[in-house]
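Today I looked up pockets and what lines them. My entries follow.

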Amino acid sequence: MGMHPSSYLMRSGFNFFIFILHCLTANLHAQVIVKLNTSGYSGQLELSWPLDPLSSRENVVDIYAGKGSAVVQRLEIHSCQSLRIRFLFSEQAFLIKPGLDTLEFVYDGHRKSWWIKSGNDEFYRQGIEIDSIADHALLKMGRPGTASAVRKAKVASDSLRQKYSSLEPCIADYARLTAAFIELSSGVPADSNFIHRAMLGAMRNSMNPAFSTLFHSLFDGGLTRQLKLKSSEIWEMAYDSIEPYAAFKGWLRKNTGIQNDTLLNWVLLNTVLEMQNTGSAPKDEMLDLIRSMKIQLGDPIMIDLLNHLEIRIRFCSRGNQFPDFRFTDSRTNTVIRLSELKGKPIYLIYLPDGGDLLLENLLYLSAFQKKFGKEISFVALVNQSNTKALNELAQQQGFQFHLASYLQCEDFNPDVLESLRIPGYVLIDRNGLIWQNPAESPVTGVEAAFLNLIRHK
């Protein structure tokens with residue numbers, strides 16, 4: 001009979017207080033303290049870092065920075081990866097790593113950029129230096145595909161690898177993967193030999209931002225180009241209902257020449273992600289493949305992406321329930337549940353806060369409201385914290401549809417959208433079931449879908 005963990009701790013003489021302290025310390029080691037000094041500027045500030053190397057999903061922290069205030073945040077950073085800062089229409093990314101460290105970011109309003117101070121300044125200096133070397137090499141390379149460009153890229157990439165090869169793994173990997181990206185940009189063939197050399201050893205840190213950059217350059221749409229096949233043809237040849245994961249992985253290994261299992265899994269995941277986004281494979285078969293992979297994979301980052309893909313496929317399937325949520329209508333300041341709008345079809349749009357595109361979409365929605373308002377409910381969620389500005393916009397334009405701040409929604413599941421960075425459009429039938437996700441945008445001809453949905457009982 002197995003011993004209870006608490007009995008083991010007591011019998012072994014292990015101090016329980018020390019055990020708790022060890023757990024707390026281990027958790028603290030994942031935390032990075034970030035101080036943001038906006039140097040007298042005020043506005044919405046966003047920190048984000050990726051959840052996986054393939055999709056555009058991010059952890060996001062939204063902060064309002066007032067004049068003269070120093071903002072302090074504790075971030076759960078578990079691997080060497082990128083941290084992106086968006087502020088006052090500027091965007092900047094930094095290579096960061098986990099550990100007990102305090103990073104101070106100071107905003108330079110004249111240059112519209114941030115500079116960083118840390119107890120580990122050398123690490124951050126090296127990351128910025130690698131970026132600078134890469135930018136210079138790409139700028140001076142010349143036309144890709146020429147002998148001159150290939151030669152210049154080889155010299156720059158070899159120098160980059162040698163200069164940082166003896167440093168800690170995060171920096172060494174960042175330099176080596178960036179060097180491979182420089183070579184690839186020069187027009188070097190992306191054959192199996194290049195892939196093996198470029199990716200060798202990099203699997204230890206797939207969250208390194210240079211891994212993501214190189215991976216996407218090699219594999220986004222790469223199979224369809226390399227094999228001269230449509231996505232649907234790839235799926236037809238690779239998918240097997242008896243052993244979905246083993247068959248698909250074996251087919252990829254045979255046709256790409258990739259032998260590294262971890263890299264092959266990332267390629268497989270990227271293939272599924274592409275096919276899910278383009279709707280080029282049967283959803284039930286994709287779900288079978290995902291379930292098969294989840295049973296056999298142990299990488300928590302991969303499992304998280306598979307869970308996300310499973311949810312996305314379900315939310316893109318007609319007839320599934322659209323998840324209910326509450327929003328505050330900016331025009332009437334009333335809290336409404338989406339399910340309260342049942343009885344009429346719903347056209348739901350999500351918009352990142354952004355200038356002309358935002359107003360263009362809302363004006364189209366206003367025109368649809370006047371034309372179809374008796375048959376369809378229209379709801380617009382805008383990723384903006386300034387509800388007063390939304391209310392003023394609704395009043396000025398005379399909007400009659402439901403307009404709300406996404407940030408004030410309760411229980412909204414972001415997995416129903418492809419990304420919070422881009423607009424999203426969903427059609428929901430009168431029973432609250434998904435009709436089309438993603439649907440057409442107001443500017444690309446959604447009216448035919450409206451008419452079909454109105455006729456559907």
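I took strands (E, at least two residues) and helices (H or I, at least four) as DSSP runs, numbered from the N terminus. The model is predicted, so I noted that local features need pLDDT of at least 70 and side-chain atom pairs pLDDT 80 or more, while totals for chains, interfaces and linings use all residues. Residues are numbered from 1 along each chain as its sequence is written, and side-chain values use heavy atoms, without hydrogens and water.

**Largest pocket.** I found a volume of about 1,100 Å³ for the largest pocket. It is lined by 35 residues, and Glu46, Asp62, Arg86, Asn383 and Arg421 are the closest to its centre. A pocket here is an open set of points on a 1 Å grid over the protein atoms alone, where a 1.4 Å probe fits, with protein on both sides within 12 Å along at least five of seven lines; lining residues have an atom within 4 Å of a point. Points are joined across faces, edges and corners, and the volume is the space filled by probe spheres set on them.

Which strand gives the most to this lining? I got β2, with four residues. β2 (43–50), β3 (58–65), β5 (81–87), β6 (90–96) and β11 (346–352) each supply at least two.

**Second largest pocket.** I read about 640 Å³ of space here. Of its 34 lining residues, Ser82, Arg84, Pro209, Ala210 and Thr213 are the closest to the centre. Elements giving two or more residues include β2, α3 (121–140) and α7 (209–219). The largest share, six residues, comes from α7.
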